[in-house]
Each structure stands twice: as C-alpha cells, then as structure tokens.
Amino acid sequence: MLNLKNQNWENTPTPFYYYDLELLNQTVTLAHQEAARYGYHVHYALKANSNAPILKTMQQYGFGADCVSGNEIKQALANGFGADQIVFAGVGKSDAEIKIALDADIFCFNCESVQELEIINELAAQQNTTAWIALRINPNVNANTHKYITTGLEENKFGINTWELPEVLTLLNQLTHLEFIGIHFHIGSQITDLQVFEQLCVRVNEIQQWFREQGFNLKHLNVGGGLGVDYYTPENNAIPDFAAYFAIFNRLLEVQPGQVVHFELGRALVAQCGALISRVLYIKKGQKKNFAILDAGMTELIRPMLYQAHHKIENLSSNLPEQTYDVVGPICESSDCFAQNVVLPETHRHDVIAIRTAGAYGEVMASNYNLREKATAIYSSN
Ligand code: LLP
C-alpha cells in the first residue's frame, strides 16, 4: 500500500500530488501478468493521469494508449508509445484532432456516430490515406455506478445504438477511406460489481454474432475499461483484483480464432498509487461543527464535489485523541468540501493531511479557478 507515514515533508510546500512509483510498478506488473495469461492487449487510458513518469511506466510494460484528444495522442507519442499502439476515442473529435491522428497513423479510431464516420472518411480521403476504425457500440448495459460516469445506457451520449447498425454497415461499404476492423464498448467507470462485466460479455457475444450473420468477421474486440478501486479501505486492498476481472472475460467472452481482445484501463492502474498532500491552514470552531480548512481544494481534486466521491482522509502529523471535522478547501464555494464529519486525531494548523486514492482523475481534472497555481507532482523515487 501507498506508504505515507514515514515521509519527511517538513520543508515541502503544499499542496502537491504524491505518486508512489514502486506501487505503480507492482500494480502494472500484476495487471500485465493477468492480461498476458489470455493474450489480452491493455491500453492505458491517459485521461486518468497523463504525467510523463506514469506514461513511461505503462509504456515499458508494453501497454498501448487510449487517447481522447489530439493532445493526449501527442503526449502518448512523446512518451514512447508507438502510433500503432494508440486508439482514439471520444464523442466529439474535432477535425484538427482527427488530422493529428491521421498524420500520426494511429492504430484505430473508436467511432461514436454515423456523422463521425463520414467526417473521418472525408479527412482521410483528403490526406489520401485509410483510417482503421472500430465502432463504439452502446450495449445498453447498466454499470451500477454513479450516474455521471455511466456511459453504456441508451440515454447516454456515447456510442452507436444497436438499431443504427444496419445503416452503419451500408455506409461503411460506401466509405472507401475507412477500414472497419472491430467493435468497441465502454460502459462506465468505477465499476465494483464485477457481474456488470459478465453482462457486458453476453451483449458483446450477441452483437458479434449479429456481425457474423452479416458476413463480417471482426478482427478486434475492445471491451473498454471501468474496473473500480477501493476508495474506502485503501490500506487493505491497494491493488484491484485483476485476476478476477480478466478471468470473467476469459470465461464468458467468445473469441474467434485470430481475434484480438483489447482493454482500456485507467483508474485501476493508477488511482491507488497517488495521494493529494495538503496542510491545514486553519481550524475553525463552530457551534455545530469544526472545520479543518486545507490549502488544497476542489481545484486539486474535484471528485468529492462532482460525484460525491469518497476519498479517505488522514492526518499524518497528529496522534492526539480523535475529533470530528468537516474537511474543506479554501475555494469560494460552499461545495468545496472534501468530506463532512470526518473523524481525525485532533488537528492543528500546519498538520499534514493526505487525501488518498487520488492518482486517477485527480491532477488531470485540476483547474486554476480563483487563479490558483497548479499543484506540483512528487514521485516516490525523487
Ligand atoms: N475507455 C473509455 C472510452 C472511457 O471513456 C474511459 C473513461 C476509460 C476507457 C477508462 O475508464 P477507467 O478504467 O478509468 O474507469 N472523472 C471520472 C471518471 C471518468 C471516466 C471517463 N471515461 C471520475 O473521476 O470518476
């Protein structure tokens, strides 16, 4: 688990993100080992954390890159990923971003709408090239997760609906600058109920069967990411159960000879390896509540405010008897609260506070609201 207690951060300005590269290596080793058992290809979802040392680790393990913007493609290339390892997803790829991907000659576009297929074809024709594409299909499977990070239901904006597929196949026959290589799914994030992935396999099998009936043998199946992590007791279960996760697909996903199966994991690979480290600026005693006001806020980690996400909070400086606090940030918003009624050892100005499991969707979602400085990143091996 991420070891925070024995660090000497006396003179280190806060807030900062702390990443344990040793734990990252352990996590990635396990994920790689379990995926390799079945010959699965893992693409790391850069959107979770796109810092160079993290990307270099992913790349060294032979993972590909799942990108959702032109800048993510550039960042992946700059950190050693081969263009042939890059997939490009997203419901709103701009023309400029599509051109970046075509210029780089990436492995595959995961296409999300009929119109997007037409535009990629048009831009590929202009560049006298062919784009490899997978259709992102909305399987209508409920991921049992927060509604803001559920993506595979018909009411979500993502993917092509199954009832559109006959039209899409007709269109694909006409779009001569596209090469249709497979299908792609991603049903949501922070999925802890693994049965959801069983349902996904069933749907992918049905959809594949339909394609076979239409005379298409798909070379690639991409089942996306979404494996969740333990935000509540990170000390018990730092590394997600990759063995159980991949075993579900091995048991239930029908794979034809020669077919390649791809995954796009983000959070499960990095969340537990990072923490947001902050100091207490003030303790404010109210009639009803005590507030611990930190020097980090929603600008550094917005997940608690945006999704009511739970992140474990620890006071690394105090061993005094416990008290209850609302742990809040300095931003001028009432929603700038990491958690209410947190039991911590009695807390004082300048105590160091760790907000755990912040390695994924923490730093990448930071803003400079209130004209705040961007917090730095510190790595365990520094
Ligand atoms: N593939 C696609 C197409 C995705 O949209 C995503 C995440 C992933 C892969 C990686 O999913 P993961 O393995 O990390 O669950 N900001 C939110 C999470 C948004 C996830 C968006 N898509 C949060 O902080 O919970």
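Predicted model: local features only at pLDDT ≥ 70, side-chain atom pairs only at ≥ 80, totals over all residues.
Q: Which residues is Lys47 in contact with, leaving aside its neighbours within four places in sequence?
A: This is the lysine that UniProt, in an unreviewed entry, lists for "modified residue: N6-(pyridoxal phosphate)lysine". With those sequence neighbours set aside, its contacts are Val68, Glu72, Gly266 and Val364.

Q: Which elements give two or more residues to the shell around the ligand?
A: There are 21 residues around the ligand, and Ser189, Gly225, Gly266, Arg267 and Tyr361 come nearest. By type, the shell splits into nine nonpolar, seven polar and five charged residues. The elements that supply two or more of its residues are strand S10 (260–265), helix H9 (267–270) and helix H10 (303–307).

Q: Which domains give at least three residues each to the shell around the ligand?
A: The protein is divided into two domains, with centres 33 Å apart over C-alpha atoms. Each of them passes the three-residue mark in the shell: domain 1 (21–270) and domain 2 (272–379).

Q: Which helix supplies the largest share of the side of domain 1 that touches domain 2?
A: Here, 22 residues of domain 1 are in contact with 18 residues of domain 2. Helix H1 (21–36) and H9 each supply at least two residues of that side of domain 1. The largest share, four residues, comes from H1.

Technical notes
Residues numbered from 1 in each chain as written. Near = placed C-beta within 6 Å. Nonpolar A, V, L, I, M, F, W, Y, C, P; charged D, E, K, R; others polar. Domains from an automatic or database assignment. UniProt positions renumbered as here; feature names shortened; annotations may be inferred. Contact = placed C-beta atoms within 7 Å.
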